[in-house]
Amino acid sequence: DGLIADARRGAEIGFVGKPALHPRQVVAINEAFTPTSVQVEHARGVLAASAAAGGGVMGQLSAVQLDD
């Protein structure tokens, strides 16, 4: 379905939502933009690293460079 593909593509490139023109579109849009448990855990790790660094340079998290 074009709506699902478009919503997933938007989520992949950083969009956080998409307007729905009809109530039947809401479920597909929510599924595309709801983060996975892996994404949620990564975000929690980033927040913890930021807090531990006092909001400054954070270093690395899972071999990924994090900057403030």
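Which residues does alanine 7 touch, not counting residues up to four places away in sequence? Alanine 7 touches Lys18, Ala32 and Phe33, where contact means heavy atoms within 4.5 Å. This is a predicted model: local features need pLDDT of at least 70, side-chain atom pairs count only at pLDDT 80 or more, and totals for chains, interfaces and linings use all residues. Residues are numbered from 1 along each chain as its sequence is written, and side-chain values use heavy atoms, with hydrogens and water left out.

**Overall layout**

- The chain has 3 helices and 2 strands. Helices (H or I, at least four residues) and strands (E, at least two) are DSSP runs, numbered from the N terminus.
- From the N terminus on, the order of elements is α-α-α-β-β.
- The chain holds 68 residues, and 18% of them are buried. Buried means under 20% relative accessible area, exposed over 50%, and partly exposed in between (1.4 Å probe, protein chains only).
- Among contacts with a separation of 6 or more, 17% join residues 24 or more positions apart.

**The nonpolar core**

- The largest nonpolar core has 6 residues: Leu3, Ala7, Ala28, Ile29, Ala32 and Phe33. Such a core is a set of buried Ala, Val, Leu, Ile, Met, Phe, Trp, Tyr and Cys residues joined through side-chain atoms within 4.5 Å.
- Helices α1 (2-12) and α2 (26-33) each supply at least two residues of this core.
- α2 gives the most to this core, with 4 residues.

**How α1 meets α2**

- Two packed helices are described by the angle between their axes and the distance between the axes.
- α1 and α2 pack at an angle of about 30 degrees, and their axes are 8 Å apart. Axes are lines fitted to C-alpha atoms, for helices over the stretch in contact, and angles run from 0 to 180 degrees between N-to-C directions.
- That angle makes α1 roughly parallel to α2. Angles under 35 degrees count as roughly parallel, over 145 as roughly antiparallel, 65 to 115 as roughly perpendicular and the rest as oblique.
- On the α1 side, the contact is made by Leu3, Ile4, Ala7, Arg8, Gly10 and Ala11. On the α2 side, Ala28, Ile29, Ala32 and Phe33 make it.

**Residues to find**

- Alanine 7 is in helix α1. Alanine 7 counts as buried because its relative accessibility is 0%.
- Alanine 7 and phenylalanine 33 are 26 residues apart along the chain, with 7.4 Å between their C-alpha atoms.
- Alanine 28 is in contact with Leu3 and Ile4, leaving aside its neighbours within four places in sequence.
- Glutamate 31 lies in helix α2. Glutamate 31 has 59% relative accessibility, so it counts as exposed.
- Glutamate 31 and alanine 7 are 24 residues apart in sequence and 8.9 Å apart in space, C-alpha to C-alpha.
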